[in-house]
Amino acid sequence: MNRTRILIVDDEPQLLRALRINLQARQYDVVTAGDGTTALRAAADQHPDVVVLDLGLPDLDGIEVLRTLRAWTPVPVVVLSGRLGSSEKVAALDAGADDYVTKPFSVDELLARLRAVSRRRAGPEPALSAVRVGDYDVDLAAHDVRHADDPARRLHLTRTEWRLLELLLRNPGRLVGHRELLAHVWGPTYVEENHYLRQYMAQLRRKLESDPARPRHLLTEPAMGYRFQP
């Protein structure tokens, strides 16, 4: 079985060392780079399966590195940064990042994000039959939602709710950005209409979550997008 190769780009030597040790112990191949120029060279030479990219690099801005990568490779990129502002997160997603992890973080959290984005390189997944969301089984093929303990109880979703929910359920664990969701459901001319998402996500939570005010499965990533947590 081929091991997943991860390129980690960060200018903190201690963090690079810690991540290398932790990821190698979990059977990942690890390549590291301490600046943007080295990272771009490593990406071209080593062909990583996933890139973990810090935004605050000494020579190039991380967003610039990300845009350069996106010009020639679809490799999944998880941005890793201590920048807390939402504008930086949105800029990273708009530049092509697949997910965003804010420092400080746990290795388990990073590994979960890596597993989620790594599904992209595996190619099309087998067709999903039913996905459990709280107390409901969602059959994506049949467009049918039934209570897990009482299949006679069916839940009605509108066409728009279905399109929104399906994109999230087909990407478990992955952050799906506002623009991607809006373009998928409403079209490219609606990518700034975030209020549409708030309205329909609230409706989905009222229908599927046992406590819509504290959702466990249809999660908001503030200023960035939404995530389905199985």
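Two bridges join strand S9 to strand S11 (residues 225-228), and the two run antiparallel. Strands here are DSSP runs of E of at least two residues, helices are runs of H or I of at least four, and both are numbered from the N terminus. Two strands count as paired if DSSP finds at least two bridges between them. Gly177 stands opposite Gly225 in S11.

The model is predicted: local features need pLDDT of at least 70, side-chain atom pairs count only at pLDDT 80 or more, and totals for chains, interfaces and linings use all residues. Residues are numbered from 1 along each chain as its sequence is written, and side-chain values use heavy atoms, without hydrogens and water.

The open sheet has three strands in the order S9-S11-S10, with antiparallel pairing. Strand S9 (176-177) and strand S10 (218-221) stand at the edges with a single partner strand each, so one side of each has no neighbour in the sheet.

The chain holds eight helices and eleven strands. Its radius of gyration, taken over C-alpha atoms, is 19 Å, close to the 17 Å that the globule rule (2.2 Å times the number of residues to the power 0.38) gives for 230 residues, so the chain is as compact as a globular protein of that length. The C-alpha trace spans about 55 × 40 × 30 Å along its principal axes.
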